Amino acid sequence: MENFEAYELLQGINSPTDLKALSADRLPHLAAEIREYLSYRVRENGGHLASNLGVVELTLAIHRVFETPCDHVIFDVGHQSYVHKLLTGRKEQFDTLRMPGGLSGFTKRGESAHDAFGAGHSSTAISAAIGMAEADVLSGSDAFTVAVVGDGALTGGLAYEGLNNCRRDLRLVIIINENEMSISPNTGHLCEHLSRIRSSKKYLRAKAFTANALSRLPFVGKPLYRAMGALKRRVKHLFYRENLFEHMNVRYRGPIDGNDLEGLIASLEYAKQLKSSVILHVKTQKGRGDAAAEASPDLYHGVAPREVISSAETFSAAFGNAACRAAAADARICAITAAMSYGTGLEPFRAQYPNRFFDVGIAEGHAVTFAAGLAAGGKRPVVAVYSTFLQRAFDMLVHDAALQHLPVTLAIDRAGFNTADGPTHHGVFDVAMLSALPGVAIYAPVTVKGVERALTAALQHEGVAALRYPSGGESARLLAAFYPCGAADSAPTVRVYDSGTAPCLTVVTHGRIAAEALRAADALMQEGISLRILLCEYLAPYTILAREVAPLLAGETVLFYEEEIRAGGFGENLRAALLHAELLGSRSARVLGAEDPFACPSKTENVWQAAGVDAIALANAARDLMMKSKKENVKL
């Protein structure tokens, strides 16, 4: 349990009620303590630092004005909700942030009643908030719904789909938090002055008095009030250029200093009194209060835990470097990212080939269709994307890329289970998703050299191709077992490891979970059961892989083993291909994959245990298969 004795004010904040009891003049000191604590704790545990440092005052203001959990506060993505967690009863557990059995790094409905809506991906908050606000209308509730949306989320089309469906008469406050890019031309001292005046209580009282007085005048009252409103809008447009949000029939107010607590509270009180849909545009400083994060907010958007920082080359970096070498040899190659150039290793490509580098914002669907357009124009596009975010582009993969047999290459980062970021970031659906597409090629390198080999092969494929790799870098155990002579420069193939001289059964696997297969092999050897482990460096086309795997099968049983979802995944597809080609013979076969793709480990287990695909689960499955095989042989 975290010790907060060094924090005079923060130690006494256990709920929003405690925050409301604090005098206004003490709030800046509380904000400073929160920043100091976050700078320390996030560096220890890893997580999103710069964005949370930027929203300290904004979160304090929200909880001073609104009444959660009766009112609903929805954070887009949820990665900037750390301050919200500290204020809503989770302070003592904050040292468990992003750890097994600990607090999630995002909002999570099951974690607290104050988390109105869970998230992990971008651009969902507006749609969800409108849904909750409409639900309150249907239920007769007078609760408010507040959506906190970063400006980056507005690069995703879902945000505009939500706005297009927004009624003006909802108790809805949409806070656009601008911390990187400009989303409105309404800047300058005059605009800020008008915003302060219009947010004041005197202005609101005067506006209400005028409306009531004019509405009572017979015949001319309402027409006069409408005429004055039209005149006001014309005068406003002399100072304000056209605003997209107001064209979508949503009130707009801003920009507002997002690090000015007093001004924020006044603006939120104003929005609350309107009792209608309103957008508040606030401008916060990302990384505020931390010199390093202020200077490089992109680098400090997400930080690794202090103890796992390593100088070893990651798969992401290996991909970025390989993409640069490929682009040097082929001028058709272009690179695309959805606002993740650092995370996917594409910064070197951006620097070396700026004209062939495209950051499309948080818009994975657009990234894939854009890539299909480049491919139709004769280019060789490579889309670098995290596995969990690729899910958002499935329709585009089907309709725009695969259907037209266009050579679009996907570099799928963070494949497999994600321990720290949890279920929202598990990369366990991409294999099944891609396996459903005719003509796709899927590669699964587990070495740095393998990433380059896979990229080379993918770029030669006439159609959709993907290389998938986990976070981090090479496993010394996998290198020793499957690459005893080094990761040779050859085409992707199937690697073989035998735990004994006469293998009793074969485990066919791919990716980093092969390390769990090696642990299972060690345990089973103590019982006299030896395994042959086939590590596949490519998965699809499964018909080709089946022909390569078949001669390598040993023993009377085969176990297909993966950390992705079992249904429609690697194991089921490869088993079907072997059966169809009559290559399994009389062998019995079983698929062991994740039955729970949203696995969340407890304090005493890892994510593979929670999903039922760890070394223990594999060893048990192998024993069951051996027992079944012996019984069948006895019957014969």
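Helices here are DSSP runs of H or I with at least four residues, strands are E runs of at least two, and both are numbered from the N terminus. With that in hand, Val 446 is found in the loop between β10 (441–443) and α20.

Quick housekeeping before I go on. This is a predicted model, so local features need pLDDT of at least 70 and side-chain atom pairs count only at pLDDT 80 or more, while totals for chains, interfaces and linings use all residues. Residues are numbered from 1 along each chain as its sequence is written, and side-chain values use heavy atoms, with hydrogens and water left out.

Okay, the overview. The protein has 26 helices and 17 strands. Of its 636 residues, 55% count as buried, where buried means under 20% relative accessible area, exposed means over 50%, and partly exposed is in between, with a 1.4 Å probe and protein chains only. Contact, for me, means heavy atoms within 4.5 Å. Take the contacts between residues at least 6 apart in sequence: 78% of them join residues at least 24 apart.

Is Val 446 buried or exposed? Its relative accessibility is 6%, so Val 446 counts as buried. Skip the neighbours within four places in sequence, and Val 446 is in contact with Phe 315, Glu 474, Leu 478, Tyr 483, Gly 511, Arg 512 and Leu 535. Pro 470 is 24 residues away along the chain, and the two C-alpha atoms are separated by 8.3 Å.

Now α20 itself, residues 448–460. Its 13 residues should span 18 Å at 1.5 Å a residue, and the end C-alpha atoms are 19 Å apart, which agrees; the expected span is 1.5 Å times one less than the number of residues. Buried residues in α20 include Val 448, Val 451, Leu 455 and Leu 459. As a reminder, an α-helix has 3.6 residues a turn, so residues three or four places apart point the same way.

Buried residues of α14 pack against β6 (333–337), α15 (347–352), β8 (380–386), β9 (409–413) and α20. Among those buried in α14 are Phe 315, Phe 319, Ala 322 and Ala 326. This helix has 15 residues and reaches 21 Å from first C-alpha to last, close to the 21 Å expected.

That takes us to the cores. By nonpolar core I mean a set of buried Ala, Val, Leu, Ile, Met, Phe, Trp, Tyr and Cys residues joined through side-chain atoms within 4.5 Å. Which members of the largest one touch the most other members? Of its 82 residues, they are Phe 319, Leu 410, Val 508 and Leu 574. Helix α14 (residues 315–329) gives the most to this core, with 8 residues. There's also a second, separate core of 49 residues, which includes Ile 13, Val 173, Ile 175 and Ile 256.

Beyond four places in sequence, its contacts include Leu 534, Val 549, Phe 560, Phe 570 and Leu 574.

Helix α23 (residues 542–549) and helix α24 (residues 570–580) pack at about 70°, with axes 9 Å apart. Axes are lines fitted to C-alpha atoms, for helices over the stretch in contact, and angles run from 0 to 180 degrees between N-to-C directions. Tyr 542, Thr 543, Leu 545, Ala 546 and Val 549 in α23 meet Phe 570, Asn 573, Leu 574, Ala 577 and Leu 578 in α24.

For contrast, here's another pair. Helix α16 (residues 364–376) and helix α18 (residues 394–402) have axes that come within 9 Å and cross at roughly 10°. So α16 and α18 are roughly parallel to each other.

Thr 68 and Pro 69 are joined by a cis peptide bond, omega about 5°, and so are Gly 254 and Pro 255, omega about 0°. Arg 98 isn't a glycine but has a positive phi of about 65°, and at 12% relative accessibility Arg 98 counts as buried. Lys 275 also has a positive phi, about 55°, yet Lys 275 is partly exposed at 49%.

How values were computed: Parallel < 35°, antiparallel > 145°, perpendicular 65-115°, else oblique.
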